[in-house]
Amino acid sequence: MDIKLSQCFIAVDDHDKALAFYRDALGLEVRNDVAFEGMRWVTVGSPGQPGVEIVLEPPLADPNASPADRRTMAEMLAKGHLRGVIFSTEDCDATFERVRAAGGEVLQEPIDQPYGVRDCAFRDPAGNMVRITQSRKQ
C-alpha cells in the first residue's frame with residue numbers, strides 16, 4: 001500500500017491576513033482560492049512539495065453549523081486551542097529572521113531541542129502555532 005499526505009487543514013478567521021503570513025512571510029505559493037456558500041478556502045503549498053497542500057479554511061467549515069457552534073470554534077481559534085503546523089527547513093535561523101522581519105508573532109526564538117532538532121515558533125494571524133524545525137546533523 002502506498003499512502004501519502006495530500007492535504008491538511010488550518011482554521012483561519014481572515015484569509016487576507018493568513019495569506020500575508022503563509023504566502024508572504026513563509027514563502028508558500030497560492031494554489032487555489034475558492035468561495036462557496038459565504039465561506040472561503042485558500043490552498044497554499046511549498047514549491048518544493050507540489051503534492052502537499054495546506055487548506056486555509058474557516059474555523060467551522062460547515063454551512064449547516066449552528067451559530068453557537070461557530071462562536072465556540074471562533075473562540076477556540078482566538079485562544080490558540082486549534083492545532084497548528086510544523087514546517088521543516090535547512091536553515092532555521094534564516095527562516096526565523098525572514099518571518100520575524102515580515103511581522104510574524106514570535107513565540108520561541110531558534111533553540112536546539114534535546115530531541116534532535118533546532119526549532120522556532122510563531123503564531124499565525126488567527127492564533128495557530130507554526131513551528132519551523134531544522135534537523136541537526138549528527
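## Glu 97 and its partner

Glu 97 has a relative accessible area of 39%, so Glu 97 counts as partly exposed. This is a value from a predicted model. The side chain of Glu 97 meets that of Arg 100 in a salt bridge, with N to O at 2.8 Å. Both residues lie in helix α3, which spans residues 92-101. They sit 3 residues apart, or about one turn of the helix.

Side chains of opposite charge can pair when their charged atoms come close.

## Arg 100 and Glu 109

Is Arg 100 buried, partly exposed or exposed? Arg 100 counts as partly exposed, because its relative accessibility is 33%. Arg 100 also meets the side chain of Glu 109 in a salt bridge, at 3.7 Å from N to O. Glu 109 is partly exposed too, at 47% relative accessibility.

## A buried pair between strands

Which residue forms a salt bridge with Asp 119? The partner is Arg 131, and the closest N and O atoms are 2.8 Å apart. Asp 119 lies in strand β7 (residues 117-123), while Arg 131 lies in strand β8 (residues 129-135), so the pair ties together parts that are 12 residues apart in sequence.

Buried means under 20% relative accessible area. Asp 119 has 1% relative accessibility and therefore counts as buried. Arg 131 has a relative accessible area of 17%, so Arg 131 is buried as well.

## Charges across the chain

How many salt bridges does a search of the whole structure find? The search finds 10. Asp 16, Asp 33 and Arg 40 are linked in a network of salt bridges.

The chain carries 16 positive and 22 negative side chains. The centres of these two sets lie 3 Å apart.

## The whole fold

The chain has 3 helices and 8 strands. Along the sequence, their pattern is β-α-β-β-β-α-β-α-β-β-β. Take contacts between residues at least 6 apart in sequence: 45% of them join residues at least 24 apart.

The C-alpha atoms fill a box of roughly 50 × 35 × 30 Å along the principal axes. Why does the radius of gyration agree with a compact globule? A compact globule with 138 residues would have a value near 14 Å, and the chain has 16 Å, which agrees.

## Surface and interior

Of the 138 residues, 36% count as buried. The accessible surface comes to about 8,400 Å². Carbon and sulfur atoms account for 51% of that surface.

Note on methods
Residues are numbered from 1 along each chain as its sequence is written. This is a predicted model: local features need pLDDT of at least 70, side-chain atom pairs count only at pLDDT 80 or more; totals for chains, interfaces and linings use all residues. Side-chain values use heavy atoms; hydrogens and water are left out. Helices (H or I, at least four residues) and strands (E, at least two) are DSSP runs, numbered from the N terminus. The radius of gyration is taken over C-alpha atoms; the globule rule is 2.2 Å times the number of residues to the power 0.38. Buried means under 20% relative accessible area, exposed over 50%, partly exposed in between (1.4 Å probe, protein chains only). Contact means heavy atoms within 4.5 Å. Accessible areas come from the Shrake-Rupley method with a 1.4 Å probe; for residues, only the protein chains shown count as cover. Lys and Arg count as positive and Asp and Glu as negative; His and the chain ends are not counted. The place of a charge is taken as NZ of Lys, CZ of Arg, CG of Asp or CD of Glu. A salt bridge is a side-chain nitrogen of Lys or Arg within 4 Å of a carboxyl oxygen of Asp or Glu.
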